[in-house]
Amino acid sequence: MARPDPNDFRKRLLAGEVLTGTFIKFPTGHSTEVMGSVGFDFVVIDEEHGPFDRVATDQALMGARAGRIAGLVRVPDTGRLLGALDDGAIGVLVPHVSSPEKAREVVALCRYRGGVRGFSGTTRAGDYGGRGMWAHVDAQDAEVAVIAMIEDREALGCLDAILGTEGLDAVFIGRGDLTVALGSKGLESPETRAATEAILAAARKAGKPVCIMVGNAAEAEGWRALGASAFIISSDQGFLRAGAAKVAADFAPLKA
């Protein structure tokens, strides 16, 4: 069965297809390539909480190309957007989008037409000069997915305005940050649950896709029923730890 073109990620996201991905925490191209080989739809290279500099992100995105998987980047701040896009990110996750003004800024920085993205056609995104100027502009504006992370108390008071931002493709619900911001006991606390459901309801009203992190397929089914369609499961680090811990536990009786 033919695998989807990674460049169709935005199109598939906007169509509401169920998509699965994982975070990349290790600054290497190997993890992204492996995740592509096992059938995930996308990876999110984690510049916000992982040890990535510009070169490491470039290598991870090159691994995504090799693995035929959509490579997204979670940037730590808007100053890292241009580099991620030039290096070939097919989408970006931007943390702490807590106002419509911030949402409009993010969209503008990611778009050529109607935006303020700095132009270069000689990057990986521009096929190293292989595309003409306007072919590159049109392709990037059509293919790059702009995803805002909703994870602050302030954002809950202006959800409709944030989600109504023209050019914003989707939102990611940051339940961990929301839990901390609300002072809740955990991800499943009533306060965090209510905030998550409020974001999902606003997204349904605006017709915007929602991405959320889940622990397993059963949990994803529950959020799918409320409108989520893109799911992030663990990370390369998490999969490594879980697999290694199981093997270590299996061998523990032999060492007793």
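This report walks through the overall build of the chain, its nonpolar cores and a handful of individual residues.

Keep in mind that this is a predicted model, in which local features need pLDDT of at least 70 and side-chain atom pairs count only at pLDDT 80 or more, while totals for chains, interfaces and linings use all residues. Residues are numbered from 1 along each chain as its sequence is written, and side-chain values use heavy atoms, with hydrogens and water left out.

**The whole chain**

Let's start with the big picture. The chain has eleven helices and eight strands; these are DSSP runs numbered from the N terminus, with helices being H or I of at least four residues and strands being E of at least two. Its radius of gyration is 18 Å, close to the 18 Å that the globule rule gives for 256 residues, so the chain is as compact as a globular protein of that length. That radius is taken over C-alpha atoms, and the globule rule is 2.2 Å times the number of residues to the power 0.38. Along the principal axes, the C-alpha trace spans about 65 × 40 × 35 Å.

As for contacts (heavy atoms within 4.5 Å), take the ones between residues at least 6 apart in sequence: 63% of them join residues at least 24 apart. On the charge side, there are 28 positive and 33 negative side chains, and the centres of the two sets lie 2 Å apart. Lys and Arg count as positive and Asp and Glu as negative, with His and the chain ends not counted; each charge is placed at NZ of Lys, CZ of Arg, CG of Asp or CD of Glu.

**The cores**

In soluble globular proteins, nonpolar side chains tend to be buried together. A nonpolar core here is a set of buried Ala, Val, Leu, Ile, Met, Phe, Trp, Tyr and Cys residues joined through side-chain atoms within 4.5 Å. The largest one has 51 residues, and Ile 162, Val 171 and Phe 231 have the most contacts inside it. Helix 9 (residues 190–206) gives the most to this core, with five residues. A second, separate core has 18 residues, including Ile 147, Met 149, Ala 170 and Ile 232.

Ile 162 is worth a click in your viewer. Setting aside neighbours within four places in sequence, its contacts include Val 97, Pro 100, Ala 103, Ile 150 and Leu 168.

**Some residues to look at**

Val 18 sits in the loop between helix 1 (9–14) and strand 1 (19–24). Not counting residues up to four places away in sequence, Val 18 touches Asp 41, Arg 224, Ser 229 and Phe 231. The C-alpha atoms of Val 18 and Ala 228 are 8.4 Å apart, although 210 residues separate them along the chain.

Gly 88 is in the loop between helix 4 (81–86) and strand 4 (91–94). Beyond its neighbours within four places, Gly 88 is in contact with Leu 61, Arg 65, Gly 71, Arg 124 and Ala 125.

Two residues other than glycine have a positive phi. Asp 127, with phi near 55°, belongs to the loop between helix 5 (100–110) and helix 6 (133–143). Ser 234, also with phi near 55°, lies in strand 8 (residues 230–235).

Elsewhere, Arg 241 is part of helix 11 (residues 236–255), and its C-alpha is 33 Å from that of Leu 14. Asp 8 comes in the segment before helix 1, with its C-alpha 35 Å from that of Gly 186.

| Residue | Relative accessible area | Class |
|---|---|---|
| Val 18 | 46% | partly exposed |
| Gly 88 | 16% | buried |
| Asp 127 | 47% | partly exposed |
| Ser 234 | 24% | partly exposed |
| Arg 241 | 66% | exposed |
| Asp 8 | 28% | partly exposed |

Conventions. Buried means under 20% relative accessible area, exposed over 50%, partly exposed in between (1.4 Å probe, protein chains only).
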